Amino acid sequence: MSWASTEGSRRSMRANRRRDTKPELAIRSPLHAAGLRYRVDFAPLGGRRRADIVFTRWRVAVFVDGCFWHRCPLHATYPKRNCDYWLPKLQRNIDRDRETDEQLRSSGWIVVRCWEHDPPVEVAKRIEHLVRRLRT
């Protein structure tokens, strides 16, 4: 018996990528074009908690959060099936995000979080300004 409620759900879940998603690529492209170099899908503190874009020298960790998985206040949708499983799982994602932010900040990192629907060029500019400010 699969963990998914339907075969369609199972296929959909398996198709979710851990790295190189469209929102990530849309942000990384202008950063790279601006001459900035970074690590991708990297664990700044070791372990399993990975940031999407990491500037190790300047200790900046960027997370591109999906609206469904991280409960965007504007676009989050509630699962219609298997709610007893999904709602606690999604809440754990939020709790883990906050804990990760705190761990990184207490270790001297700057955390940047953006949503998948944020305009990628604006996000990239914000990150570029931050990194360039730290470089000087």
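How many residues does helix α2 have, and how far does helix α2 reach from its first C-alpha to its last? Before the answer, a word on the model is needed: it is predicted, so that local features need a pLDDT of at least 70 and side-chain atom pairs count only at pLDDT 80 or more, while totals for chains, interfaces and linings use all residues. Residues are numbered from 1 along each chain as its sequence is written, and side-chain values use heavy atoms, with hydrogens and water left out.

The protein has 4 helices and 4 strands, where helices (H or I, at least four residues) and strands (E, at least two) are DSSP runs numbered from the N terminus. Along the sequence these elements follow the pattern α-α-β-β-β-α-β-α. Of the 136 residues in the protein, 33% are buried; here buried means under 20% relative accessible area, exposed means over 50%, and partly exposed lies in between, with a 1.4 Å probe and protein chains only. Among contacts (heavy atoms within 4.5 Å) between residues at least 6 apart in sequence, 54% join residues at least 24 apart.

Helix α2, residues 22-33, has 12 residues and reaches 17 Å from its first C-alpha to its last, close to the 16 Å expected at 1.5 Å a residue; the expected span is 1.5 Å times one less than the number of residues in the helix. Its buried residues are Glu-24, Ile-27, Arg-28 and Leu-31. Seen down the axis of α2, these buried residues fall within an arc of 95°, so they line one face of the helix, the arc being that of the directions from the helix axis to the C-beta atoms. An α-helix has 3.6 residues a turn, so residues three or four places apart point the same way. On the other side of α2, Lys-22 and Ala-33 are exposed. The cover over the buried residues of α2 includes the strands β1 (39-42), β2 (51-55), β3 (60-65) and β4 (110-115), together with helix α4 (120-135). Just after α2, Gly-35 takes a positive phi of about 90°.

A further helix, α3 (residues 83-106), contains Asp-97, which counts as buried because its relative accessibility is 8%. Leaving aside residues up to four places away in sequence, Asp-97 touches Asp-65, His-70 and Arg-113.

Turning to cysteines, the structure holds 0 disulfides, a disulfide being a pair of cysteine sulfur atoms within 2.5 Å. Cys-114 counts as buried because its relative accessibility is 1%, whereas Cys-83, at 28%, counts as partly exposed.
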